[in-house]
Amino acid sequence: MTMPSGLPRPYDDQSQSANLADILERVLDKGVVIAGDIRINLLDIELLTIKLRLVVASVERAKEMGIDWWEQDPALSSRARRGELGRENEELRRRIAELEARQET
């Protein structure tokens, strides 16, 4: 854009970052879904299908949409990690009890 004097308006870094922050806030609040499929066919024979799905949203918005896979992933959630360790501990105790029972007989 130009100013009335014909000189270009100086770049305003603060207004640009404010606009970007507003856009990011809206996207995270509302959520954005990008979906697409790639199909490779040869002589009407489907050789490869790739389905791409991307969801960009805040954690709260994702939970409202029913997306919470990170809560069950031990690599991402300490609660899931504790649950996995608890299950592993129970399995090991059960196996030890079986081995001890076999030795007694």
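Reader: What makes Asp44 count as exposed?
Author: Exposed means over 50% relative accessible area, buried means under 20%, and partly exposed is in between (1.4 Å probe, protein chains only). Asp44 has 80% relative accessibility, so it counts as exposed. Asp44 is found in the loop between β1 and β2. Strands here are DSSP runs of E, at least two residues, and helices are runs of H or I, at least four, numbered from the N terminus.

Reader: Before we go on, where do these values come from?
Author: This is a predicted model, where local features need pLDDT of at least 70, side-chain atom pairs count only at pLDDT 80 or more, and totals for chains, interfaces and linings use all residues. Residues are numbered from 1 along each chain as its sequence is written, and side-chain values use heavy atoms, with hydrogens and water left out.

Reader: How confident is the predictor, and where is confidence lowest and highest?
Author: pLDDT is the predictor's confidence in each residue, from 0 to 100. The mean for the protein chain is 79, and 83% of its residues reach 70 or more. Helix α1 (residues 13–30) is lowest, at a mean of 75, while β2 is highest, at 87.

Reader: What is the pattern of the protein chain along the sequence?
Author: It reads α-β-β-α-α, with 3 helices and 2 strands. Of its 105 residues, 4% count as buried.

Reader: Which residues make the nonpolar surface patch?
Author: Ile38, Ile40, Leu42, Leu43, Ile45, Leu47, Leu48, Ile50 and Leu52, for about 860 Å². Patches are made of residues with over 30% relative accessible area and no salt bridge: like charges are joined within 9 Å, nonpolar side chains (Val, Leu, Ile, Met, Phe, Trp, Tyr) within 5 Å. Areas come from the Shrake-Rupley method with a 1.4 Å probe, and for residues only the protein chains shown count as cover. The largest share, 5 residues, comes from β2.

Reader: Why is the contact between Lys51 and Asp37 called a salt bridge?
Author: A salt bridge is a side-chain nitrogen of Lys or Arg within 4 Å of a carboxyl oxygen of Asp or Glu. For Lys51 and Asp37 the N to O distance is 3.9 Å, a salt bridge. Lys51 lies in strand β2 and Asp37 in strand β1, so the pair ties together parts that are 14 residues apart in sequence. Lys51, at 54%, is exposed, whereas Asp37, at 38%, counts as partly exposed.

Reader: How many salt bridges does a search of the whole structure find?
Author: The count is 6. Among them, Lys63 pairs with Glu71, the closest N and O atoms being 2.8 Å apart. Another joins Arg94 and Glu91 at 2.5 Å, N to O. Arg94 and Glu91 both lie in helix α3 (residues 78–104), 3 residues apart, about one turn of the helix. Salt bridges that share partners also join Asp37, Lys51 and Arg53 into one network.
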